[in-house]
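I set out to record what could be looked up in this structure. The entries follow in the order in which I made them.

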Amino acid sequence: MERPGRLLLLSELRVRNAAYDVSLNRSLLTWKKRVSSPVYHPFRPSLSHNVPVSEIISVREEEEENGSRQKEDGSWKKMKEQEGGDCRQSFTVMYVERGRQHRWRCAEVTFTCSDGALCQRWVSSIREQLASIGSRPKHLLVYINPFGGKRQGKRVYEQKVAPLFAQAGVSTHVIVTEYANHARDHLRTGAELKKYDGVVCVGGDGMFSEIIHGLIWRTQVDGGVDLNCPDETLSPCSLRIGIIPAGSTDCICFATVGTNDPVTSALHIIVGDSQPMDVCSVHHNNAFLRFSVSLLGYGFYGDVLTDSERKRWMGPARYDLSGLKMFLTHHYYEGTVSYLPARGTMGTPRDASTCRSGCAVCQHNGQLLSEKGEKYELSDAPDCESEGEWRTVRGKFLAINAASMSCACPRSPKGLSPAAHLADGTTDLILVRKCSRFDFLRHLLRHTSKDDQFDLTFVEVHRVRRFRFTPRYCQSDSDLELDLQENKHQIFSQICRDHPACGCTPAYSSWNCDGEILTHAAIDVRAHCQLIKLFARGIEEPPVFEDLTNPCAI
Ligand SMILES: CCCCCCCCCCCCC/C=C/[C@@H](O)[C@H](COP(=O)(O)O)NC(=O)CCCCC
Ligand SMILES: Nc1ncnc2c1ncn2[C@@H]1O[C@H](COP(=O)(O)OP(=O)(O)O)[C@@H](O)[C@H]1O
Ligand SMILES: [Ca+2]
């Protein structure tokens, strides 16, 4: 068996007319400038580059300007004569280069070889190494929401993403959605999923939500799982999902990649990254309502979303206006929250460390939950003997938020729950009790600074596996139906005839479920560990020691 470090090729090649020693093994492509004097010079920029094979995007043979080109059969039709009489050919390697703030770019380097045969050997060796990476997708199903965010999804895909996919030899079937839930319904029933290695979503969190609803639903139906039963163990989806950010918040992309940049996302897809992610199921009276991967927010975030939907024409700025309006409105909601604390798992919501690439907490908890899955499922059932583990909080709340991941986004780069994990099988339940406007503003502002948004007397946070919310004035299903029919376009679409303070504060808010409105206030939520996978790797730590041998790092 070949060891990863075994040298496959070592040649003297030229890069921009300078001589380099270029080597390839199964994990690394290295090019190192030949120096006339080998004396060490501390201030001379480094002359060595290392690119992991896993981060090579593609390799292409260059067509010489003077007409020398490769024939269909791979032989060289005409060689360009060098002054010295030798023939030269060149090839270009495209690879991932890291920029600022987790951005990735496609860089390239052209190597000139002394002869065509050597050039071909290099090209085919690199191609062989790339082909042996089994995790890279070859065929992708792409859904574009042309109306997400600033309505740039189609243009962004065509101009920035499609050329990269073509360069990397990734074939695509592209569907531009024509109506809301088009992608979801196509994934449920129409798409031939066996043909693809992954699904790509061009849009925002709402569009991503459509994709996971289609994929998870299809996987459960294929596996005979009853989605309406909150205690069922769901089957994980095998297809990975890529997100090209083209929405308004794009928090799922930001929290899994570290930036909202279409090129960076496309490169993570091409190199075949894989990031498992938790999904919460939301039920009402034993009927399945929705899935959530980022924010489930009642009160403030539910009201912001409901208000902002009527301002869609404003684009992403609608959230700022609705946010300000709802902050001034200052509604609170009464109810009971019951939760099952996450026991035996690593990590707490007050940890200083955050979820990063290759997160040990996610790996530990993921393994624990998959090994002890059955036992955990049983003890989680609220009506079994361990009912005593459930805790209950009653009160008046300005906001009840469940963050299954940090929910970091450009508005709040550390997120709603900075220490939440992408794939640990838990969600962070944040309860913001009724307080003054001034105190609520302090809490909100802390999402944008280094200060701890949980270190306030009216805020509590719990890491949980399940929770339930019941509003004080219980909503009947007929109320909800009337509500939907009559008050669809009202900011607070509640029936509050039984509410003593009717006219000043509504009895119910709605849930903001990854940017989609849920009108049922009473819900039962359960975290499912690592139910889906993304073409991402989590947020990378900046290198502690810069690679001083790499001039790009200086
Ligand atoms: C006075 C300063 C206030 C600063 C408050 C900052 C807090 C921001 C936390 C944002 C968390 C966002 C969680 C993500 C939610 C998205 O799923 C959802 C839909 O996204 P998309 O489909 O891409 O539009 N976005 C929202 O609900 C927007 C919330 C904005 C709240 C101001
Ligand atoms: N072609 C379409 N026409 C109208 N709505 C659509 C279409 N495609 C998707 N949607 C819906 O648009 C909503 C918002 O999409 P999203 O991409 O998240 O943008 P934003 O981040 O701006 O909210 C989602 O609920 C999605 O279901
Ligand atoms: Ca989680």
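Entry 1, a helix. Helices (H or I, at least four residues) and strands (E, at least two) are DSSP runs numbered from the N terminus. An α-helix has 3.6 residues a turn, so residues three or four places apart point the same way.

I also checked the length of H1. Its 16 residues (116-131) should span 22 Å at 1.5 Å a residue, and the end C-alpha atoms are 22 Å apart, which agrees; the expected span is 1.5 Å times one less than the number of residues.

The model is predicted: local features need pLDDT of at least 70 and side-chain atom pairs count only at pLDDT 80 or more, while totals for chains, interfaces and linings use all residues. Residues are numbered from 1 along each chain as its sequence is written, and chains are lettered from A and ligands numbered from 1 in the order in which they are written.

Entry 3, ligand 1. I listed 27 residues around ligand 1, the closest being Gly 204, Gly 247, Ser 248, Thr 249 and Gly 515; a residue belongs here if its C-beta atom, placed from the backbone, lies within 6 Å. H7 gives the most to this shell, with three residues.

Entry 4, ligand 2. Here 22 residues surround the ligand, and the closest are Gly 148, Gly 203, Gly 204, Gly 206 and Gly 247. H4 supplies the largest share of this shell, four residues.

Ala 19 lies in strand S2 (residues 18-25). With 13 C-beta neighbours inside 10 Å, Ala 19 counts as partly exposed. Its C-alpha atom is separated by 5.8 Å from that of Arg 34, 15 residues apart along the chain.

I noted twelve helices and 22 strands. Of the 554 residues in the chain, 40% are buried.

Conventions: Buried ≥ 20, exposed ≤ 12 C-beta atoms within 10 Å, placed from the backbone.
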